[in-house]
Each structure stands twice: as structure tokens, then as C-alpha cells.
Amino acid sequence: MNKEIFSYIDSKPSMVNKTGSLHGKSISIQPNMSVRGWPTEAGSRALERFAALEDATVVENLRTAGVTIKGSTHMSELGFGLIGDTAAQAVATGEVDVALVTDSMGEARIAASSKNLFGFKPSFGIISRYGLIGLIPSMECYGIVANTPLEITIVLEAIAGTDDRDYSMPEEVIPDFGRLEDIKTLGTCGVVAECVDMLEPSQSKAFSAALSRLDENGMAIQEVSLKDFDLFRVAHNVIGSVEASSSCGKYDSVRYGHRAQSARNWNEMYIKSRAESFGLLVKTYLFQGAYYQFEDYGTFENACRIRAQLVREMEALYETIDVLILPTRRKNDTIYDTHSIDDVYDVFDLTLPANMTGQPAIHIPGSFFGRETDPGLQFMAPRLGDMRLLSVADHLMKVREGDI
Amino acid sequence: MDYEAVIGLEIHTQLNSETKMFCSCPNRPGDEPNRNTCPICLWMPGTIPKFSDQVLEKATLAAMALNCEIQKHNAFDQKVYYYPDLPKGFQLSQFHKPLAKNGWLEIMTEDGVPKKIGIRQVHMEEDVAKLIHETEGRTPISLVDFNRAGTPLIEIVSEPDIRSPYEAMEYIKALRTQIRYVGSADCSMEQGTMRVDANISIRPKGSDQFNTKVEVKNMNSIHNVGDAIAYEINRQMGRLSAGESIVLHTRLWDPEKSITAPMRGKFEGPCIPDPSVPQIVISDEWLENIRSQLPEMPGRKVERFVREYGLPHDEGVLMSMEKDLSEYFEAVVQEGISPRTAVHWIASQLMPAMRERNQTLSNTPVSSDRLTELIAMLERDEINAKSAKDVMLKLFETDERPDVIVKKYGFKQVSDMNELEVLVDTILSANPDAVDDFKNGVAKAMGFLIGQAMQASQGKANPKLIRDILMTKLG
């Protein structure tokens, strides 16, 4: 198996449950998802030599479902951006059927869009995060990349559900996942005008063409406005960096992780080790978060208020429409090549609203309409509307293949 | 100029829940180091804290005992700081939305006047790990014990209503009594389950402004708190009269030298809402359920003891300050022992004997029914007071019933008149001088003769009957 794709390959796969819903399928995880005894370094020297002490709940659930967990792909440092990420490649090259991707800004959708795959971000709080070594707890979840919505659906069914180890999951009845609806009508779809305005003319043209195809296939397209759309990016940047700064406070190089030599006392050891552990991009993000924490707390509070306001505005939109449609991305060549925080946010500024609001979102590959370079189609639905999205995606795939 | 002190206390107390605050590890910090740990309280990557319902109940009961308003929505924040006792980089605490606000406690001032001390807020927070500094050869090393990491604390912040060291000590005692009563915490400064920090400033008497305060830490008894505050008030007055100003800082109490000394500047980190512990939403129903668990609190109990049992006020207070003691007292009284006799035996005999043996009511073998039986035998004249005391000491040594002890060790009182008359005759003929003294009007000679008779009977004679016989024979 390919070492360019996998950071760790399970040489002795454990016995799989042959009666599970995922028996015969293979999946890749990332090295920040805990499997007892596996190297779990999350792409960072800060976790050098760290091996997970116990299985993540998701890993337990995958094993119950009978899937073969082939190994861990490569990931960017602590999952910030997609530099060096090989999850979508693992699916595209046929190494695995499905890849799990840590999704805190839209990583699953963007990675999928780079390889003509489906990328799905589930509703926040329906999959246990226990065992996920995260960076931005309030935004992140397990994203799923696969060739078909059906595969995403059966994986979602296997891993979603309440977990008494994850107290952060809302107390609510999680709908029955796993059954795709037979779509009779595609319903009303809201197109966010402000997003379309962000596209280059050529991208805009491709996006319009895609909307026409949807229209021809019976989806009522309606333009909606989210005038504060640009605030998603700003607020995510502030809140995300503050949470990241807190999350990374535990990397002190005492019990695991890279430890600097030649420190004279513990304080110096912390400082030198952390300086040597984090890469420049993550370090910049952590510094920014610490700045808001220590020096400009008011801005953080404002960002939280703006986030709450944006959630309300988004929810109000769904009063008149069934799903939202947005382009997935407007940058094509820099997805895996980001050098600054701005670069990263340029890649994800159309996908991060779903992470900010906890809503589900799916990327439907651009090749659907025969254009490799178009901005892709991204559908969003209200929280817990996951099956609606997957059903729409499944329906559109059947349309493409001439099944309908 | 006349100055007055303005004092506010911040009290941390460790809740006595079964488990830690965010995992199922036992809440026993004193066990062998690092025994009570798991990935969650070792703060390992990938873990998610799971807030304990029992901690919420204990904290809420404590806040109710302090007359606080429970906040229906409260939440945890991350208090960020970096130190080896907190390898997570932040402590889960409640800053923006505390559990409870606006409470009070009533104390008696030095002048015997009742006074209410306001309580600004009560909030929950996790304790950090414990550092142990040792040397390996000549190298100093620091060890980290995670048994304490994640154990539950509440912090009780008073209003700056306290005006003297005495009031501060009374406030701490009242607070301890209330919290122990609801069974939420042990509140022992000596054992380290209660820590008191004092914020002290002074101002001209009658002024209502707040001046720069100094925080004093590291007191390990209630008396220490009083001494440290008194020292700090004097120090500040000395400063002001020397024309110097007070600077905001933290000082440590040195119990050996009885002084406070400045400590290194403390780093105050920010507090951001924790994204992983969901906001706590308290329903009316839940709150009513907790309220129904509140026991009769000492303030009410004193009144009832005075009213129902006819105790003097101070005895009522004595019998109600600790919940288990009040229950012990009532158990004895309910078996028909007179309340005053019960108070006498518990306070003057049982308690000192328990203290000598380092026992408490929870682990003493002298249960209320054994003590009751003993007092009942005394009241039935089956044993005399002297023997009763001896029997009580035996109760500590064996688990036999008092009547068995009395028989086995021959404590039974001798009340047989013939036997006693023979005894008295022996005493009279052996002590002719005392007999003469008595006949010449020396009253205390009677006491001497009774004492001789008691001694001869090895303390078992009925002293009342001895006296009667002596009076008849010498009459």
C-alpha cells in the first residue's frame, strides 16, 4: 500500500464483524482519530510519539459495522487546512471506499471537490467527538468523502448516534439515518446571491449553468440574500483561533510530543518545545487566538454574538426554502498550498458557514455537469436535515447516470 | 484618623462527591499518587469532559445553604494559565455564568449584634493536579500527582461586608456549619478541603469608597485567617500613617513567623466559554427536588431545641451546630432520657473521650443506643455516677452492651441495706477521729466518711444510701 497516501497502515487488521452493514467496505481515518495503540500524531510534532490510549467512539462504531479500517492518511498539522492531506486521494485512487476527514472549515467538501468526489459534513452533535483530537471544538466534526451518496449514508448510519462519552452532544432525538428518501420533488432551493457575487465571471457562468440543469430537473430556484455573508469568515477566524489556542494549551511536551533539548527549567522547556513543535501556519493561528484571549477579549465576544446572529439569519432563510445552494469553492489551485491564515480562509470561505452554524452540507462533484473546473455545487440544510441532503445528492446522481 | 477594614473572602471548598467532576474516577485525592486517574482527568488529547450530576447536586445544595439564588442557566469557562499542575493549559471554572448569586450568612459581631454578610456568587471549578517537590540525589525534581486533578470545588465569593478579623472567623465558621449540614463538603482548613483567601483594604471610618486591596493567601486554620487579617490591617495602617500608598498585590501568610510577605506577581489569564461542556440548564422541577433534600438547618434547629426540649440557648446551639451531633442528641432524647442529662453526657463525657481517641460520631463505637442504655441504668440507680463514667470508657474498648459490661466488671451499684450497714460500721470504727469531728460540727467530715465508704466498696456502693445510713448512725 502507498506510503504517500497513508501515514500508518494497519498491518494486522482486527477481526471484522461479517454481519455488519459495512462489511466488505474499506475506510481510511486520519492520525488525529484515536485507535488504541496507533500512532496518533495529528500531523504535528507537538504529538510526536503519541499513541492513543483508547478507541474513539467512531472507531468502535465502524468496527461494529464490519468495515475494514485500512490505516491513517496524511493530514495537515492538527487539521488546519489541507496541506499534505491525502484523504480524498485515498478514495480517488481506490485504496479505500470511504475516507473520514476532520472537518472544521469544510475540509471534506473541499478535498472531495479536488478529486470529483462527494464530500459530506454532517450536522454538529450527531456523531460523538470522543477520541477526535481536535483543534476547534465548536466547529469540527467527522466529514465523509466517498464516490457515492449511498456510501456516505451507510457510513453516517454506522457512526451517528448518542454517546455517553460525549457530553457535548445536544440532548435530542437523532433521526434515523441510513435510509435515502425516494425524492418525488426536489423542492425549493435558495441561492445565496452574496456567494455568487464572490465568483470569478467564468466560475459564475458555470454555476449558473448548473443551476439551470437543476431547474430543468424540477428544482425551484429562488434567490435569497444573506447580506452579512462575509462576516462568516471573520467570525470563524476569531473564534476558531481562540478555540485552537485553548485546545493546544495541553501540548507541553511533558508526557508526549517533541521536547526541546538544553532548557534550564520547566518554563523554558515549555517555550522552546512549543516553539520547535508547531509549524509556522499553526503557530500564527495560535498566536492570533492568544491575542484575542489576552489582549482583545471584546473582539472575541463580538465574534460570538455575530455567530449567534448568523445562525438566526440562516435559520430564517429556511422558512421559505428547503435547501440552500452555494458554490463549494472559488479557489482551485491553492487548495493544498496555503501559506498564511488568509490563504486558508480563501479556500474555505464558502464552506465554513455550515461549520459555524452546525448545519449539514454536501459537495456534489463539479464533473456532474461535465466541467472539471467549475466551483462545484454545495447544498446545505437545517440541522438534522442530513438525510434530505444525501437524498437530493443521490437523486441528482441517478439523473446524471440516466437512471431517472 | 480612624480607619476601618474592608474585607472580602474567597473560599474554595472541595465537594465530597463520589467521583471527580468530569469523569468517573474516585474523588479521593489522598490515595497513593496517580491511582485515581483516567485519560479524561489526565487531560489526554481526544477526551471530552462529562459533567457529573452528583457534583451539580452537591454544589446546588451548598449554594442553597448559603441562601443563594440558583442561576437557571450557568456554564463553564476555560481559565487559561500555564503551570505544571495544569497540563491542559486551562482550568474549567465558571466565570461569566456562575451557578449561584446573591446569598448571605448571618453572624454575631464582637458586640453580640447579628449581622448579615453578603455572598456575591458561588461557582464550580475543577481542582488542578498536585505538585510534589523532592530531590533525587542533589537534583531538585518536581512530581505531579493527578489524584486531585479534576476533583470538584466550589468557590464562594463574599461581598466586602466583613469589618474585622473576628467577623471573618465567624463568617467562615457559619459557612462551614451550613455546608457541612447539607452534606456537600467537609470544609476542613487543616485537611486542605477548604482554602480561604482574604482581600483586605482599609479606609477612613464612615467612608463608602473602596481602596486598593491586598490579597492574603496560605492560611491553614480559621485562627490563621484571623491572625493574618489582623496583621495585614495593621501593616496597611502603618503604611498609610507613614504616608505611603497601598499597592495591589498578593501576600502569603507565614504561620511560623506570623507575618504576611509579598509573593511573586500572579498571572491572571483570560476566561473563555468552554465549547465542550454544554451550558447547564436547571429546570424548576429539578430545583424543587434538590430543595426538598435540604435538612432542617441549624438556625431553625436551635429554636426548636430550645422550644421542644427546654434547652438553654447555648446548649441548643451546642447540640445543633453539627448535623450528626444533633441527630445523636435527638436519638438519645427520643429514648426517654431527659434532654439536659443527654446534653451533659454528650458534651462533658462523650465528646472529650472521643477527642482523646481521635474519633468522630461517624466512627465511634459509642453509638447513641449504647449511651442511652448507660444513662438509663444510671437513672434507674443500677449504677452510680462514678461507675457510669467507667462503663462509658469500657464502651470504647468492647462492643458489649452496657448491662453486660456492668455485670462482667462488677459495676453494679450496691444498694443492699444490710451489706451497706456492715460497710458503714467498719468505716466508723476505723475512723474515730472523723466521727468526733462530725459530732463537733465539722461538716466536711461527712464527705470524708462517704468517700472512705465508697473507696472500700471500690466505688460500687450507692452513695445516697451510705449518706442516709451514716446520718442515722451518727444522728
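For charges, I counted Lys and Arg as positive and Asp and Glu as negative, leaving out His and the chain ends. I placed each charge at NZ of Lys, CZ of Arg, CG of Asp or CD of Glu. On that basis chain B carries 55 positive and 69 negative side chains, and the centres of the two sets are 2 Å apart.

A note on provenance: this is a predicted model, where local features need pLDDT of at least 70 and side-chain atom pairs pLDDT 80 or more, while totals for chains, interfaces and linings use all residues. Residues are numbered from 1 along each chain as its sequence is written, chains are lettered from A in the order written, and side-chain values use heavy atoms without hydrogens or water.

Next I checked the overall form. The C-alpha trace of chain B spans about 90 × 60 × 55 Å along its principal axes. Its radius of gyration (over C-alpha atoms) is 30 Å, whereas a compact globule of 475 residues would have one near 23 Å; the globule rule is 2.2 Å times the number of residues to the power 0.38.

I also looked up burial: 51% of the 475 residues of chain B are buried, meaning under 20% relative accessible area with a 1.4 Å probe, protein chains only.

Then I turned to one residue. Q349(B) sits in helix 8, residues 339-356 (a DSSP run of H or I, at least four residues, numbered from the N terminus). Is Q349(B) buried or exposed? Q349(B) is buried, because its relative accessible area is 17%.

Key. Buried < 20%, exposed > 50% of the residue type's maximum accessible area, 1.4 Å probe, protein only. Helix = DSSP H or I, 4+ residues; strand = E, 2+ residues; numbered from the N terminus.
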